[in-house]
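Hello,

Here is the structure I promised to pass on to you. Please open it next to this email and follow along as you read.

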Amino acid sequence: MSSDLILPVSIGSVTLENNIICAPMAGITNFPNRSILEMYKPGLMFTEMVSINALSFKGKKTVGMLEHLEKHKVPVGIQVFGSDEEYFNKAVLFIEEKFNPAIIDINMACPAKRVIRSNNGASMMRDEDKSAKIVECLVKKLKTPLTAKLRIGFDSDSLNIKSMAKKLEAAGIAAITVHGRTAKQMYSGQSDPQLIFECAEELNVPVFYSGDLFSMEYCQEILSQGKVAGLMLARGLLGSPWLIEEVIHGKHVTMSQKEIGDILLKQFDLFIQYLGEYKGFTEMKKHLGWYSKGLTSGKEFRRVVNYETSIEEQKKNIIDFFYHNKLKTPVKPERK
Ligand SMILES: Cc1cc2nc3c(=O)[nH]c(=O)nc-3n(C[C@H](O)[C@H](O)[C@H](O)COP(=O)(O)O)c2cc1C
């Protein structure tokens, strides 16, 4: 492990081997993807966010998103979103019993319009007392540590992360993660460390840092301030999951194109096996885009794979490009 920046960290009753965790990312951190992230040994990984409303009714699709948790060797947290106290109760007790996650996290950070409109996600930061009450209620019932993911505020006129976090701490939250942007900002501008550091100084529970963690150097810079308990990596992992290893060991990882191809073939097989042929094939295209970013002829490769319609041919495209530096001529599929 790299120096004194990478340390075990306790979240309530759970101790993580290291303080580098993988963020929940909707549409991304499903089982196959987590299986790839896991190879680089983060301290904790998260599922995609799941709706408490759907969980309360044991919705098949949503429950399905949480399957295979027990297959991981790295601890996994489940992230839930919602706003209704009763549904929160039902949902978290159900997932604790059925999936035994290491952590349950409440999403108080999502800025998506459809989420905000129903007072979920970052909207929870607009009613500190109600959110704290929900946490207090749940903590009393759960054996699993409860955490929350927040933004620095809803908008620039309400940068309430410190008062919100203190209320959640008083209510029994075991740790928080803060993304250094307001919900209004979505992903624009830069994530601001200042309020996260101040928050970490004022809280006793661990505070994890989220926002613009794209390089080992920046991760080290944030950790070396000695304020936050750890980091939550997100977009920096898209196409470069080995960032986890770089941060943990404090050393750049040099990946050959063949090694990247090996990861992609493994990921593709997992996608097909667990998401099914149609979804697995479609989802994989996003990842092929991320992994080929910045590579010579990456743009041409993306055109080839985006036009591809056959699983076997797509595997061949990956092998040709990543193993042999070869590309076929892209053929635009005909509209049916
Ligand atoms: C595609 C995508 C999906 C995301 N889904 C979630 C989510 O389900 N729950 C959550 O708390 N944050 C989610 N996030 C936010 C990330 O966890 C993270 O806080 C944010 O991207 C900032 O970190 P970064 O700048 O290092 O990517 C998502 C981000 C992206 C890019």
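**Helices that pack together**

Helix α1 (residues 31–38) packs against α11 at an angle of about 150 degrees, and their axes are 8 Å apart. Angles over 145 degrees count as roughly antiparallel, so α1 and α11 are roughly antiparallel to each other. Please keep in mind that this is a predicted model. The crossing of these two helices, α1 and α11, is right-handed. On the α1 side you will find F31, P32, S35 and I36, and they meet I263, Q267, L270, F271, Y274 and L275 in α11. Sorted by class, the contact of α1 with α11 holds eight nonpolar residues, two polar ones and no charged ones.

Helix α11 (residues 257–275) also packs with helix α14 (residues 311–324), at an angle of about 165 degrees and with the axes 8 Å apart. That angle makes α11 roughly antiparallel to α14. The crossing of α11 and α14 is right-handed. If you want to find the contact, look in α11 for Q257, K258, I260, G261, L264, L265, F268 and I272, which meet I311, K315, I318, I319, F322 and Y323 in α14. The residues of this contact between α11 and α14 divide into ten nonpolar, two polar and two charged.

Another pair to look at is helix α4 (residues 85–99) with helix α6 (residues 128–141), which pack at an angle of about 30 degrees with their axes 10 Å apart. Angles under 35 degrees count as roughly parallel, and α4 and α6 are therefore roughly parallel to each other. Here, too, α4 passes α6 in a right-handed crossing. From α4 the contact takes in E85, F88, N89, V92 and L93, and from α6 it takes in I134, C137, L138 and K141. By class, the contact of α4 with α6 has six nonpolar residues, one polar and two charged.

**The nonpolar cores**

Which residues have the most contacts inside the largest nonpolar core? They are V80, L150, L231 and L233, in a core of 83 residues. Leaving aside residues up to four places away in sequence, L233 touches I20, C22, A23, L213, L243 and I244. There is also a second, separate core of 13 residues, and F268, M284, Y291 and V304 are among them.

Start with Q79, which sits in strand β5 (residues 76–81). Is Q79 buried or exposed? It has 25 C-beta neighbours inside 10 Å, so Q79 counts as buried. Not counting residues up to four places away in sequence, Q79 touches P24, F46, T47, M49, D105, N107 and K149. Compare that with S123: Q79 and S123 are 44 residues apart in sequence and 16 Å apart in space, C-alpha to C-alpha.

Next comes K41, in the loop between α1 and β4 (44–51). K41 has a positive phi of about 55 degrees, although it is not a glycine. With 15 other C-beta atoms within 10 Å, K41 is partly exposed.

Finally, go to D212, in the loop between β9 (207–210) and α9 (216–224). D212 is not a glycine either, yet it has a positive phi of about 55 degrees. Because D212 has 20 C-beta neighbours inside 10 Å, it counts as buried.

Enjoy exploring, and write back with any questions.

Best wishes

Terms used: Residues are numbered from 1 along each chain as its sequence is written. This is a predicted model: local features need pLDDT of at least 70, side-chain atom pairs count only at pLDDT 80 or more; totals for chains, interfaces and linings use all residues. A nonpolar core is a set of buried Ala, Val, Leu, Ile, Met, Phe, Trp, Tyr and Cys residues joined through C-beta atoms within 7 Å. A residue is buried if 20 or more other C-beta atoms lie within 10 Å of its own, exposed if 12 or fewer, and partly exposed in between; C-beta atoms are placed from the backbone. Two residues are in contact if their C-beta atoms, placed from the backbone, lie within 7 Å. Axes are lines fitted to C-alpha atoms, for helices over the stretch in contact, and angles run from 0 to 180 degrees between N-to-C directions. Helices (H or I, at least four residues) and strands (E, at least two) are DSSP runs, numbered from the N terminus. Angles under 35 degrees count as roughly parallel, over 145 as roughly antiparallel, 65 to 115 as roughly perpendicular and the rest as oblique. A crossing is left-handed if the near helix is turned anticlockwise from the far one by less than a right angle, and right-handed if clockwise. Ala, Val, Leu, Ile, Met, Phe, Trp, Tyr, Cys and Pro count as nonpolar, Asp, Glu, Lys and Arg as charged, and the others, Gly among them, as polar.
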